[in-house]
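Hi,

Here is the structure I promised to pass on to you. Please open it alongside this email, and I will walk you through what turned up.

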Amino acid sequence: MKRILSIAASLLTASACACGPGQTNDCAYVPVASHDTRTADYELPDPARAGHPVPFRLRYPVGATAPIPVVIWNHGGGATFWRNPRGPSPRISDGQLGSPERSKSFARAGYAVIHIGRMPLEQLDAAAVRQCRQAGWAPPSGRLTRQERQTCMHKLGQTVHAPANIAFVVEALRQGRIALPADMGQPLDLTRIVVGGWSAGTQPTMNLAGAYQRFGDLVIPPTAVPGVIGFMADAPRRPTWACAFDEDGDSGFQEDSFDGIDARPFLFNTAMGDYNGQDRCPSQARIAAFLQAAPGRKLLAWSDRPEIDHATVDLDSSLCADGDAVRASVCAGLLSTGQAWMDAVLGGVPAAWTWLGGPNARIMSDNHLELHRREARTTPDPGSAYVPLNHHTRLRTQDFDWTDSARHDHPVPLRLRWPVVRGSAPLPVVIWHHGGGTTSWRDPGAPVGSRVSRGQTSSAEHGEALARLGFAVVHIGRMPWTTLTADDLQTCAQAGMVLPDACREFLGWKVHGPLNAQFVAAELQRLAATLPVALDWSRVVVGGWSGGSEVTLKMAGAQQRYNGVVIEPVGLPNVKAYLLSSPRGPAWAGFNSGFVDTLEANPADQHHSFNGIADGAGVLWLTGRDDRGGDLDAFLVSRPTSFFSAARGAKLIAWSAQRSADGGPVHGTYDLGQCGQLKAVYCAWFENLQAAFLDAVVFGRPQAQAWLASDAFGRLSGEATNLMGR
């Protein structure tokens with residue numbers, strides 16, 4: 001597949017698109033086939049499961065001339081109900097009628113679509129009751145009440161029996177036990193099956209792809225079904241940890257469940273507004289499965305528009321045609337993306353892969369829908385490395401110990417690191433924020449003016465890498481707030497930081513971190529004539545690692561909220577780029593970061609902290625699957641949340657799904673530290689990518705822009721780290 005061009009669109013001024021603004025209709029994907037369609041309904045009892053009913057609707061193309069590939073589609077919601085419970089067989093379930101727009105588009109393109117209705121159990125035996133007790137859906141002992149029995153039957157029908165339904169129907173078709181309509185023209189091709197679904201229907205979809213589920217002590221292992229070659233998930237279910245505050249959000253998927261999703265092609269479709277108003281779980285968590293799955297033609301169609309809600313992702317006709325231009329454009333993009341996906345995976349159509357590899361979905365949706373991808377691992381190619389514009393080898397440092405009289409003489413220590421260069425041209429500036437919270441003095445007994453903090457001496461490897469590229473790097477140490485006024489104590493109490501030490505940490509880190517950067521920038525400019533190096537304040541980069549990335553995010557435009565305390569963004573002028581190494585995740589994922597989502601019924605009332613991240617500057621994120629730092633209880637795959645929520649522009653993320661136990665990077669690797677043994681190659685890749693990014697965004701170097709827009713980084717890392725752009 002050709003490389004997705006969202007990176008090129010972000011960083012290059014010229015467009016290589018086959019279609020463009022004003023020609024959005026030309027970007028729509030046109031399936032290779034077009035058929036009339038019909039439907040047939042079935043109801044099968046499974047004798048291996050005490051006659052458990054499995055109803056389904058078959059929507060098929062009429063008059064096919066070759067064996068027909070199959071799409072098995074799983075409806076949203078839980079276990080469904082009969083529309084005619086006492087009617088003759090086949091009875092019709094609500095579930096088998098779901099997602100009609102998706103179904104019709106696939107059948108018209110020449111694919112047979114099987115909609116299976118997930119039914120509650122009709123009877124409970126001892127084994128079923130035991131499963132419900134294990135899962136916590138029934139009391140641990142005693143006779144079940146009528147309501148408890150109904151709950152148990154519905155839960156088992158939705159979870160345990162959903163993958164079994166698919167396996168049962170496929171096997172029944174393979175054995176010829178289902179009479180298919182004669183006007184199909186050809187038999188079903190059961191060697192080419194894509195399994196898909198919407199919302200709760202993505203649970204059995206991801207189960208078949210390799211993800212296990214656990215409810216209490218009940219484990220549902222992945223189900224293998226022969227002939228399944230790909231998957232598609234509209235509104236993929238979030239992991240349970242993202243919905244810990246809401247019982248309805250319990251999907252059974254644990255932190256490591258999605259690691260089991262194998263290398264078969266998988267398309268995920270979701271959006272910023274993709275929560276259903278009931279479970280109240282953050283929409284960005286739906287991306288977790290895409291990020292954790294094994295690489296290999298994994299695509300994510302993502303819209304950052306809050307009006308693209310849960311039902312819109314299902315292409316609900318009443319919403320897609322309601323007159324809203326944004327919604328209509330995204331619906332069209334999702335429709336074309338799904339059609340191209342089926343032609344690519346089931347039909348093996350090269351033009352479909354080409355369409356998916358281009359900017360077509362983005363352009364036809366007026367930039368409201370973007371495609372991201374994660375390709376399969378290959379052999380790393382060192383020859384694809386980027387050659388930086390500058391590579392200085394002689395570096396110098398000087399420490400400063402300043403106090404800010406406007407803030408009760410708050411100490412602001414820093415280290416200035418710069419390259420020795422020919423000439424007197426001023427150097428662009430990087431403001432760097434160290435990891436952790438506040439820091440301490442290395443020499444607490446030293447007199448004021450000569451002290452050195454641990455913070456200003458950390459991230460040394462990262463600072464040296466930036467200085468070698470031609471930047472003057474300012475490492476600022478964040479000190480605890482020392483002077484606690486009555487107002488300070490009241491603010492801390494409101495934020496939940498009651499103890500004095502917690503208050504000093506909160507104020508020194510969360511409130512005064514960005515203010516330190518403003519103070520340092522002003523002082524360095526005021527004292528320019530006395531400095532050992534000239535600084536170019538028209539070209540500024542702000543960066544940080546781990547806890548320092550929290551300060552960087554706020555300087556980039558992200559707002560923080562701690563209970564009733566709102567900490568507004570604080571920035572600097574002329575910032576061309578932001579560097580986020582191990583970016584802090586949102587509060588809902590276990591990080592004490594203050595970055596929040598308020599999910600309101602009216603999209604206009606929603607607040608997403610990361611939506612404010614700068615649209616006028618480039619941003620580079622470095623993170624991955626095992627990027628575990630001090631937030632040991634935080635869920636790591638949430639670190640990219642700010643990438644998917646930020647305003648579009650020159651935004652890039654390098655994401656590694658490789659587990660540290662298998663040689664993948666760890667927390668310190670993203671700070672270009674902890675680079676021993678197997679981690680060294682990751683440090684080299686990240687440093688190379690950072691060099692290309694800064695050369696492109698800060699220096700405007702065409703060679704760097706072209707390198708980023710190509711698949712060079714993928715070749716360099718062998719796709720061990722995937723580069724995605726917005």
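This is a predicted model: local features need pLDDT of at least 70, side-chain atom pairs count only at pLDDT 80 or more; totals for chains, interfaces and linings use all residues.

Nine strands come together here as an open sheet with mixed pairing, and their order is β1-β2-β4-β3-β5-β8-β9-β10-β11. The edge positions belong to β1 (37-46) and β11 (370-374); each has a single partner strand, so one side of each is left without a neighbour in the sheet. From one strand to the next, the twist averages 20°.

Inside this sheet, β8 (residues 228-234) and β9 (residues 266-271) pair in the parallel sense over 4 bridges. If you want a spot to look at, D234 stands opposite N269 in β9. Helix α10 packs on the sheet, where it touches β3 (68-74), β5 (188-198), β8, β9, β10 and β11, and its direction makes about 175° with that of β8.

**The sheet that starts with β12**

This one is also an open sheet of 9 strands with mixed pairing, in the order β12-β13-β15-β14-β16-β19-β22-β23-β24. Here β12 and β24 (722-725) are at the edges with a single partner strand each, so one side of each has no neighbour in the sheet. Direction ignored, neighbouring strands are turned by 20° against each other on average.

Strand β16 (residues 535-545) runs parallel to β19, and 6 bridges join them. W545 is the residue that stands opposite S581 in β19. Helix α16 (residues 500-526) packs on this sheet through contacts with β12, β13, β14, β15 and β16, its direction making about 110° with that of β12.

**Helix α14**

Which residues of α14 are buried? In this helix, which spans residues 460-468, they are H462, G463, A465, L466 and A467. Their cover includes β12 (395-404), β13 (410-419), β14 (427-433), β15 (472-476), β19 (575-581) and α19 (680-697). The helix lies across β12, β13, β14, β15 and β19, running at about 50° to β13. After α14 comes G470, which has a positive phi near 105°.

**The nonpolar cores**

The largest nonpolar core has 105 residues, and those with the most contacts inside it are I72, I114, M206, I261, I431 and V474. Leaving out residues up to four places away in sequence, I72 touches I114, I116, I166, V170, I193, V194, V195 and G196. There is also a second, separate core of 41 residues, with W73, A109, A361 and L369 among them.

**Aromatic rings**

The count comes to 24 aromatic pairs. One of them is W302 with F644, edge-to-face at 6.0 Å centre to centre and 75° between the planes.

W341 belongs to helix α10 (residues 325-345) and W353 to helix α11 (residues 350-357); both residues are buried. Elsewhere, ring pairs link F231, F266, F268 and F290 into a cluster.

Two charged ends are worth a look as well. That of R91 sits over the ring of W82, 4.0 Å from its centre, and that of K510 sits over the ring of W509, 3.9 Å from its centre.

How values were computed: Residues are numbered from 1 along each chain as its sequence is written. Side-chain values use heavy atoms; hydrogens and water are left out. Buried means under 20% relative accessible area, exposed over 50%, partly exposed in between (1.4 Å probe, protein chains only). Helices (H or I, at least four residues) and strands (E, at least two) are DSSP runs, numbered from the N terminus. Contact means heavy atoms within 4.5 Å. Rings of Phe, Tyr and Trp (its six-membered ring) pair if their centres lie within 6.5 Å; planes under 30 degrees apart count as stacked, over 60 as edge-to-face and the rest as tilted. A charge sits over a ring if NZ of Lys or CZ of Arg is within 6 Å of the ring centre and within 35 degrees of the ring normal. Two strands pair if DSSP finds at least two bridges between them. Axes are lines fitted to C-alpha atoms, for helices over the stretch in contact, and angles run from 0 to 180 degrees between N-to-C directions. A nonpolar core is a set of buried Ala, Val, Leu, Ile, Met, Phe, Trp, Tyr and Cys residues joined through side-chain atoms within 4.5 Å.
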